[in-house]
Amino acid sequence: MKRILIVDDSFYMRTMLKNMLTDAGYEVVGEAPNGQTALELAKETNPDLITLDVILPDNTGLDVLKGIKKDQPDMKVIIVSAVGQEVIVNEAMEYGALSYIVKPFSEEKVLEVVSKALQD
Amino acid sequence: MKSREQEYKEIFIAEALEYFDSLNRHISELEKQPQDDRILAEIFRLLHNLKANAKAIGYLQISDVSHKLETAFSLIRNKELSFSDEVVTVLFDGIDMLGELITNVDSPIPVEPDPVLLRNLDIIVDSLSDSTIELAKVQKYTTTKNLSLSDLIYIQIKKLDHMLNLVGELIIDRDRIISLSRELNNDDLKVVSSHLYRITEELQYSVMDARLVNIGTLFNKFPRIVRDIASAERKDINLEIQGQDIQIDRNILQIITDSLLHLVRNAITHGIEMPEQREKAKKSRAGSILLSARNDRDNVVIKLKDDGRGIDLKKVKKTAVKNKLVAADVAEDLPDSEVLSFLFEPGFSTADEVTEYSGRGVGLDVVKNAIDSIGGRLQVDSKLGVGTTFTMQLPTSIAVKGALLFEVDTIFYAIPLLHTEQVIALDKDELHEVGDVMVADLKGETVTVVYLHELLNADEATINFGDKTRLKGQVQNIVVVSYNNRKLGLIVDKLYRQQDIVVKPLSKPLDKVDLYGGVTLLGSGKVCLVLDVPAITRYFIQKR
Amino acid sequence: MAKQKTEETAATPKESTPVIDTPAPLQNGAKPNDQGKPQEPAVKEENVHLIVFKLGEEHYAIKIEQVKEVTITPSITRMPRTPDFVQGVANIRGDIIAIVDLEKRFGIRPAPVTEGLNPNVTYTLVIEAKEYSIGIVVKEVPQSLNLAMSKIDKTPSFLQDTNIKDNYIEGIAKVDSKLIIVLDMFRILSSDEIKQLTGK
């Protein structure tokens with residue numbers, strides 16, 4: 001079972017993502033509501049994939065991405081962002097994010113992006 | 001059943017209201033420190049989440065207003081819009097609007113965002129602080145702002161526990177006063193005490209009512225759990241849930257949570273067969289599990305029914321004999337219900353394999369103990385190849401129980417009605433000495449009968465349950481109790497009435513004496529011992 | 001419900017005084033009836049206030065801090081299938097507590113019935129431990145006694161020979177010709193042995 005860490009500051013979003021992913025047979029190993037927790041959980045759980053919201057209360061998603069990549073350069077990270085943040089998304093891709101999902105997302109889209117990322 | 005949509009909606013609203021409160025706080029701070037980037041970033045984040053969440057769940061008005069506000073704040077952040085008084089007013093109005101929309105998400109009359117306000121928002125966003133365009137005054141939200149507090153409060157269960165205990169004490173004193181007023185035969189006192197009776201009764205039910213929760217709060221966790229276990233076990237399961245709106249005391253629900261989870265795990269792992277096996281047995285590939293709740297008089301009955309392989313009684317008998325719970329020859333003739341009751345013996349398990357979700361060293365005895373501890377009953381019925389049904393009979397409320405009062409050797413006792421099957425008076429001649437016990441025929445069913453005085457007071461060395469000569473009088477009052485699919489008739493000296501009693505737990509160090517479930521005070525001020533039927537049954541079996 | 005405390009005895013009675021009016025039955029828990037003449041305590045001398053009672057032929061005592069109240073024993077409901085030192089349970093001001101007989105508990109031979117003592121009236125010392133209360137039944141009226149700490153011998157050597165485990169005993173006091181065994185009720189209550197009444 002592939003293990004996924006969800007990073008999002010909204011409980012609603014985390015719940016939706018978690019349900020979508022677990023329904024599809026993934027194991028959600030952790031949920032981080034902020035950057036600090038995200039960095040800790042990434043190390044602690046060493047998941048197969050991280051979904052990362054770009055706007056977090058304590059850091060920007062980009063800082064978290066850089067932090068993760070510093071210690072775990074091979075970690076697969078998918079950016080979750082809203083419309084209008086293309087600039088950040090592009091930057092994130094440069095820092096090594098594999099792909100991105102735009103909110104509001106559909107279940108199909110999430111699963112497609114996730115399964116593709118995990119195959120690579 | 002509470003759908004996932006319903007759950008999402010509740011989460012959305014709760015989170016949105018939280019965001020709304022934070023937005024209000026932050027914008028007030030911002031008014032004082034317009035240059036504070038941290039506050040701006042936080043407001044931006046909150047609006048951003050609100051927008052995304054609202055869009056995801058389909059509350060487009062909320063996402064639209066949030067989007068406009070978000071845009072406004074990003075302009076302020078980029079210093080493209082100044083945080084002037086006029087702008088501040090519009091932003092405050094906008095946030096109020098959001099609050100209005102969020103709180104009315106469920107309202108039958110949809111709230112429309114004020115068009116004037118929307119226009120104002122558009123103006124400040126589009127005109128880039130071009131002050132030539134007049135901002136229209138928004139009436140509604142600035143002048144009729146009303147502070148509304150939620151109609152719901154959260155309360156710690158501890159506080160409700162305390163209230164219930166106090167009500168229990170009050171009821172005991174009330175009964176004492178009523179009995180005194182009868183003794184004194186004073187009319188005024190009688191009037192007051194009957195009024196006191198009604199008020200305390202109402203108070204008792206109000207407090208009990210405040211502790212009730214929908215069984216759905218537990219049941220609705222199961223679709224997900226069943227799905228996870230089933231997928232780990234590679235089984236197909238259809239789960240049906242009924243009676244989520246049945247209400248039960250929150251603490252009782254808490255106590256049975258693990259038990260129910262355990263039974264559901266068992267049903268999936270050991271009950272339901274693999275899809276291929278089911279096809280061979282001419283069953284549908286997908287197994288079905290029914291989790292239901294219903295009211296039965298003052299009790300709640302929870303049933304868990306599966307259409308799996310059922311329990312193999314032969315295997316149970318074999319294990320029971322192997323574990324020396326019963327002699328091989330006796331086992332042959334045992335009725336099915338008694339065979340099934342072996343399943344609740346400590347450490348009894350017929351499962352050969354321990355899997356991730358079942359086993360875990362926890363047996364059905366633990367489930368049984370949990371149900372016993374709250375004065376409930378657990379029964380199992382099973383048919384090989386057809387399926388298994390577990391039935392839990394639970395009290396709706398913990399503290400007050402209907403009980404039967406009686407006397408043995410001048411001591412008052414009570415047995416909760418949940419454990420009593422019937423009360424019957426039999427002539428001594430209708431009791432028969434069979435082996436070392438007495439039995440009676442109750443409507444065609446042979447039931448073991450025990451003289452409670454012998455069980456409780458005889459010297460343990462010379463205890464004799466089969467000696468009719470030890471009985472007093474000709475007519476015997478028998479309280480038939482039932483535990484673990486096993487009926488037992490208890491002969492009592494004097495039978496009194498049925499009564500609601502408040503069971504007080506025994507204080508230390510007596511709390512470990514397991515024959516007694518607690519004590520209660522009668523109206524006369526006398527102490528009445530509440531017998532624990534499971535423990536009495538065990539004690540009888542042990543001494544037989 | 002006000003719980004009357006025995007500690008209200010403020011002064012220092014020179015001689016032991018009954019803590020309960022006798023033989024008239026009491027309505028409620030009695031507080032110690034302080035009849036002793038107040039007296040200045042000796043300088044620097046630390047005093048200890050004891051409730052003295054008889055078990056068998058001997059005098060025993062409990063520090064007053066450990067005694068919640070002394071009352072005429074209320075009606076006791078026997079609890080079948082508990083050890084015989086448990087007399088049963090009684091309703092003391094709405095609390096239902098266990099009543100124990102320390103003579104039976106420690107195997108002390110009961111004293112012959114004293115002339116002029118009503119055998120139907122006994123007294124209960126309600127001991128309050130951290131988590132619960134327990135009642136101890138005694139036949140004669142308990143007495144209140146103030147004593148200099150130094151009068152208590154903490155390490156008498158004969159203790160190994162008694163039935164009462166030595167750590168239940170705080171010490172032995174000698175007052176005039178009387179020997180008073182001072183018990184530590186908290187130790188008795190918290191000991192595993194009293195918990196054995198769980199064992200059935």
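Trainee: What percentage of the 544 residues in chain B is buried?
Mentor: This is a predicted model, in which local features need pLDDT of at least 70, side-chain atom pairs count only at pLDDT 80 or more, and totals for chains, interfaces and linings use all residues. Residues are numbered from 1 along each chain as its sequence is written, while chains are lettered from A and ligands numbered from 1 in the order in which they are written. A residue is buried if 20 or more other C-beta atoms, placed from the backbone, lie within 10 Å of its own. For chain B, with its 544 residues, the buried share is 36%.

Trainee: Which residues touch the most other members of the largest nonpolar core?
Mentor: A nonpolar core is a set of buried Ala, Val, Leu, Ile, Met, Phe, Trp, Tyr and Cys residues joined through C-beta atoms within 7 Å. The largest one holds 95 residues, and those touching the most other members are B:Tyr413, B:Val450, C:Ala61, C:Val89, C:Leu125 and C:Leu183.

Trainee: Why does this core lie between two domains of chain B, and which are they?
Mentor: Domain bounds here come from an automatic or database domain assignment. The core lies between the two domains because both give residues to it, namely domain 2 (157-211) and domain 4 (400-543).

Trainee: Which element gives the most to the side of chain B that touches chain C?
Mentor: Two residues are in contact if their C-beta atoms, placed from the backbone, lie within 7 Å, and this contact takes 18 residues from chain B and 20 residues from chain C. Helices (H or I, at least four residues) and strands (E, at least two) are DSSP runs, numbered from the N terminus. Helix H17 (452-457), strand E17 (516-521) and strand E18 (527-531) of chain B each supply at least two residues of that side. With 3 residues, the element that gives the most is E17(B).

Trainee: Which residue does UniProt list as a 4-aspartylphosphate, and is that residue buried or exposed?
Mentor: The unreviewed UniProt entry lists A:Asp53 for this modified residue, in the numbering used here, although annotations may be inferred rather than shown by experiment. A:Asp53 is found in strand E3 (residues 49-53) of chain A. Leaving out residues up to four places away in sequence, A:Asp53 touches A:Val7, A:Asp8, A:Asp9, A:Gly61 and A:Val80. Because A:Asp53 has 30 C-beta neighbours inside 10 Å, this residue counts as buried.

Conventions: A residue is buried if 20 or more other C-beta atoms lie within 10 Å of its own, exposed if 12 or fewer, and partly exposed in between; C-beta atoms are placed from the backbone.
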